[in-house]
Amino acid sequence: MGALFKAGIIGTGSYIPDNIVTNKDLEEIIDTSDEWIVSRTGIRERRIADATMATSDMASIAAKRAIKKANLSPKEIELIIVATATPDNNIPSTACIVQENIGAVNAAAFDINAACSGFIYGLITADQFIASGIYRNILVIGAESLSKFTDWTDRNTCILFGDGAGATVVGRVDKEYGILSRYLGADGGGSDLLKIEAGGSRMPADLKTVEKRLHYIYMDGSEVFKFAVRIMTSASERAVTLAGLTNKDIDFLIPHQANIRIIEAARKRLKLDEDKVYVNLDRFGNMSAASIPVALDEAVESNIISKGDNIIMVGFGGGLTWASALMKWAY
Ligand code: ACO
């Protein structure tokens, strides 16, 4: 069945914790240096939520801001999708907690876990419900509390991550705007490269798993790096081709914010000028599913994006997963 309606983003919002942790601060707790972190990753500082703040708290603030921007009330939201790899609990979903927090009493709610690709997985899921006419207004949120799952004694990972939330309202837009292409992918063969080993049904939590620090994020950085450079470029190109466009038509790239070297490799292959690529990892680090919607909200708020621009969003992450979408900005 063809699409009945065209879906696009009609409002954005974000929330970033106040607490800044700089590379210099990390020099105090692990064997690293500001120079090493900046040259290998591009990250200078990240935001860390305080002990009382969970993923749903950040997601709810971002969601309220996005709903306001879309000139809607929470009661008009019909579905909430939260993309997160760091939920408040296994049960209930973080989306249900957000629904209660913001008073979206008419919304269905569920979570998606596709790690750093989660926001685009959520966006493309929402696109289907809008296109088919089932729902009119959907909240798609990317929110993460990575600091709570980070081993602060592991210099391979703790320098990379930050906390935050970005939200979008996806709704009907005029037919020449909105999502023009969508591409999702996964390779479960790479599932061991990025994982939290314990706390699930394979290895339930017990004293030994806690002692062995198996509830924290493990990552094979160099393997993920090679995969990321390859997939970031190919997924971006795929989004362009599927939309029937060429690289020359791209006005803006919003990539997942994992490492400046990964972003630069993709930018050069796509032959984009530096000012066409949004980068905020120097200030926020890698916020997994929150990276893309936070970057999008910042770009919209600072008027870098304007109506009619062709924007590619591209992400990759644990799973392994990847996702891209091209959209013509609708407002
Ligand atoms: N400070 C100083 N030295 C360090 C640090 C640090 N913070 N971390 C690692 N090192 C050392 C290692 O111990 C290793 O030393 P050794 O060779 O003596 O064992 C060496 O530096 C590793 O160096 P490289 O292999 O050159 O590091 P690389 O250039 O691969 O950079 C990094 C590491 C930044 C992790 C990179 O591999 C990367 O960005 N990977 C991709 C991460 C990513 O994109 N993740 C996305 C998904 S995240 C998600 O889904 C939640």
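These legends accompany close-up views of a predicted model.

**View 1. The shell around the ligand.** The ligand is surrounded by 26 residues. Thr32, Arg40, Cys116, Asn259 and Arg261 are the closest. Sorted by class, the shell holds 12 nonpolar, 10 polar and four charged residues. Four elements each supply at least two of the shell residues: α2 (34-41), α7 (221-242), α8 (260-269) and β12 (310-317). The largest share comes from α7, with four residues.

**View 2. Helices α7 and α8.** Two packed helices are described by the angle between their axes and the distance between the axes. Here the axes of α7 and α8 come within 9 Å. They cross at roughly 35 degrees, and the crossing is right-handed. On the α7 side, the contact is made by Phe225, Ala228, Val229, Met232, Thr233 and Glu237. On the α8 side, Arg261, Ile262, Ile263, Ala265, Ala266 and Arg269 take part. By class, this contact has eight nonpolar, one polar and three charged residues. Arg261 also belongs to the residues closest to the ligand.

**View 3. Two cis peptide bonds.** Most peptide bonds are trans. The bond from Ile91 to Pro92 is cis, with omega near 0 degrees. Pro92 sits in the loop between β4 (79-83) and α4 (94-102). Another cis peptide bond joins Gly319 and Leu320. Its omega is about -10 degrees. Leu320 is in the loop between β12 and β13 (321-328). Strand β12 also supplies at least two residues of the shell around the ligand.

**View 4. A positive phi at Lys271.** Most residues other than glycine have a negative phi. Lys271 is not a glycine, yet its phi is positive, at about 55 degrees. Lys271 lies in the loop between α8 and α9 (281-284). Helix α8, on one side of this loop, is also the partner of α7 in the right-handed crossing.

Methods:
Residues numbered from 1 in each chain as written. Predicted model: local features only at pLDDT ≥ 70, side-chain atom pairs only at ≥ 80, totals over all residues. Heavy atoms only, no water. Near = heavy atom within 4 Å. Nonpolar A, V, L, I, M, F, W, Y, C, P; charged D, E, K, R; others polar. Axes fitted to C-alpha atoms, helices over the stretch in contact; angles between N-to-C directions. Left-handed = near helix turned anticlockwise from the far one by under 90°. Contact = heavy atoms within 4.5 Å.
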